[in-house]
Amino acid sequence: MSEHITREQANELLHKYVKGENYITHSYAVEAIMRGLAKKLAPDEIEFWGICGLLHDLDEETADWRTDMSTHGPVSAQILKDEGYDEPVMAQAICAHNPESGVVAKSTLEIALLAADPMSGFCKAVAQIYPDKKIASVKHKSVNKRFKETRFAAGANRQYMAAIEEIGISFDEFIDISLEAIREIADEIGL
């Protein structure tokens, strides 16, 4: 049986396959949110959940998702396998974060990743409207208010973010967990 991928190995893999700074900082933000969610939902799996978040877009610059969105996720799973990491639970979650891959998010981990992905970008978008553009300035009520404005950060899938409620976390709690998680790494991601 192969060893589970470590955080260090996952980060090396991320930097090997992803060069765009925005993709890397997004991956770190999703990792942070996943760790925050795991503290509540899977306290024994915080590291694993974080790594799933870190690697969820591993194929961002490799898969031909602009032409065929169904490739986003399965290509990441194949990269992991090719690199010697047979992680079926992780591969399934990574595929499920993009329903167009044909994998529907069902498990707690899969739904958490589905929700955390757009939430990271949404929180960043809210921070960008503040004068200092810092996540530390973002208030809970601002995230909630902007969530209801469908034209704001229109690319952030609100249905996916709201799916968090299917696994026992209220949307309000999700906002708090996400903001706190991103604040913890704000310096690292320039936010």
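**Close-up views of a predicted model**

View 1. Setting aside neighbours within four places in sequence, Phe174 makes contact (heavy atoms within 4.5 Å) with Ile33, Leu37, Ala115, Ala116, Met119, Met161, Ile164 and Ile169. This is a predicted model, so to speak of local features we need pLDDT of at least 70, and side-chain atom pairs count only at pLDDT 80 or more, while totals for chains, interfaces and linings use all residues. Residues are numbered from 1 along each chain as its sequence is written, and side-chain values use heavy atoms, with hydrogens and water left out. Phe174 also turns up with Leu37 and Leu55 as the residues touching the most other members of the largest nonpolar core, which has 69 residues. Such a core is a set of buried Ala, Val, Leu, Ile, Met, Phe, Trp, Tyr and Cys residues joined through side-chain atoms within 4.5 Å; buried is under 20% relative accessible area, exposed is over 50%, and partly exposed is in between (1.4 Å probe, protein chains only).

**View 2. Helix α2 against helix α3.** Here α2 (residues 21-41) and α3 (residues 46-55) have axes that come within 7 Å and cross at roughly 150 degrees. That angle makes α2 roughly antiparallel to α3 (over 145 degrees; under 35 is roughly parallel, 65 to 115 roughly perpendicular and the rest oblique). Axes are lines fitted to C-alpha atoms, for helices over the stretch in contact, with angles from 0 to 180 degrees between N-to-C directions. Helices are DSSP runs of H or I with at least four residues, numbered from the N terminus. On the α2 side, look for residues including Tyr28, Met34, Leu37 and Leu41; their partners in α3 include Ile46, Trp49 and Leu54.

**View 3. Lys133 in its loop.** Lys133 sits in the loop between α6 and α7 (140-148). Though not a glycine, Lys133 has a positive phi of about 55 degrees. Its relative accessibility is 41%, so Lys133 counts as partly exposed.

**View 4. Ala153, one loop along.** Ala153 is found in the loop between α7 and α8 (158-162). Its phi is positive too, near 45 degrees, in a residue other than glycine. With a relative accessible area of 25%, Ala153 is partly exposed.

View 5. Glu188 belongs to helix α10 (residues 186-189) and is partly exposed, at 49% relative accessibility.

Terms used: Helices (H or I, at least four residues) and strands (E, at least two) are DSSP runs, numbered from the N terminus.
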